[in-house]
Amino acid sequence: DLNAEERPKANFPFYIPKSDTERVQAYPGVIEEFQGREVYVTVKSDGTSTTIFQRNGEFGVCSRNLELHDTPTSKYWRMARKYDLKNKLFSYGKNLSIQGETYGPGVQKNKLGVKELDLAVFDIFDIGAGRYLDYADQQNVISMLGLVPVQTVYVGKFKWGSVDELIAYASTINYPNGTPAEGIVVRPVVEARSEALEGHRLAIKAISPVFLMRYGE
């Protein structure tokens with residue numbers, strides 16, 4: 001996911017989980033695990049995965065798989081500078097990782113149709129505690145750092161009875177410019193582990209068939 005202006009500095013930090021969420025079709029047992037739980041559903045921004053972190057005075061910026069050097073044209077570092085995250089994270093003082101999607105011109109055909117690159121944050125990982133923040137804490141930290149969260153489209157009891165129902169719901173979601181959204185991500189309001197996902201974090205994505213048909217991806 002890198003081009004010439006993104007210069008790798010190191011491998012992705014071992015103390016931060018990568019932001020890969022599995023598709024619900026591959027793990028239908030997750031539907032059962034979600035029953036009765038309070039969840040939040042966010043829109044999947046069609047961009048490039050971006051991780052920005054501070055740990056013990058070290059500040060870093062990563063693509064999906066690599067930590068990157070600070071270059072003027074790096075879209076990942078541009079997001080860190082746009083939101084002054086080095087200063088904000090140092091003054092906040094906790095060892096934290098911010099994970100989101102960088103989207104806009106020059107990224108995945110800019111399906112959201114925006115004029116400039118931006119960052120939509122979907123996770124805050126507390127490196128010190130080794131856990132993702134629950135939804136309420138996550139939203140507070142995003143707001144406190146002056147960042148923009150990914151769009152939440154539903155908060156409440158999980159209400160889908162099958163994989164097909166969840167995918168049908170995903171296919172009704174559009175970006176603000178009216179184009180079909182790539183899909184949705186479902187997570188519990190209070191973080192949990194999943195047996196269906198072999199002990200990993202309970203979280204699943206549903207990709208919209210309307211999006212797949214339109215973009216042939």
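## Cores, loops and salt bridges in a predicted model

Apart from residues up to four places away in sequence, Val114 touches Tyr103, Gly104 and Pro105, where contact means heavy atoms within 4.5 Å. The model is predicted, so local features need pLDDT of at least 70 and side-chain atom pairs count only at pLDDT 80 or more, while totals for chains, interfaces and linings use all residues. Residues are numbered from 1 along each chain as its sequence is written, and side-chain values use heavy atoms, with hydrogens and water left out.

Val114 sits in the loop between β6 (96–103) and β7; helices (H or I, at least four residues) and strands (E, at least two) are DSSP runs numbered from the N terminus. Val114 counts as partly exposed because its relative accessibility is 27%, given that buried means under 20% relative accessible area, exposed over 50% and partly exposed in between (1.4 Å probe, protein chains only).

The largest nonpolar core has 30 residues, of which Leu166, Ile184 and Val186 touch the most other members. Such a core is a set of buried Ala, Val, Leu, Ile, Met, Phe, Trp, Tyr and Cys residues joined through side-chain atoms within 4.5 Å. Two or more residues each come from α1 (29–34), β2 (38–43), β7 (118–126), α5 (163–170), β10 (183–188) and β11 (204–207). The largest share, 5 residues, is given by α5. Beyond its neighbours within four places in sequence, Ile184 contacts residues including Val41, Leu166, Tyr169, Ile173 and Ile204. A second, separate core of 23 residues includes Ile52, Met79, Leu96 and Leu133.

Ser194 lies in the loop between β10 and β11. Ser194 is classed as buried because its relative accessible area is 2%. Among the residues that Ser194 touches, not counting those up to four places away in sequence, are Val30, Glu33 and His200.

There are 14 salt bridges, each a side-chain nitrogen of Lys or Arg within 4 Å of a carboxyl oxygen of Asp or Glu. In one of them, Glu182 pairs with Lys44, with the closest N and O atoms 3.6 Å apart. This pair links distant parts of the chain, 138 residues apart: Glu182 in the loop between α5 and β10, Lys44 in the loop between β2 and β3 (48–55). Both Glu182 and Lys44 are buried.

Lys82 and Glu116 form another salt bridge, at 3.0 Å from N to O. Lys82 belongs to helix α2 (residues 75–82), and Glu116 to the loop between β6 and β7. Lys82 is partly exposed, at 36% relative accessible area, whereas Glu116 is exposed, at 52% relative accessibility.
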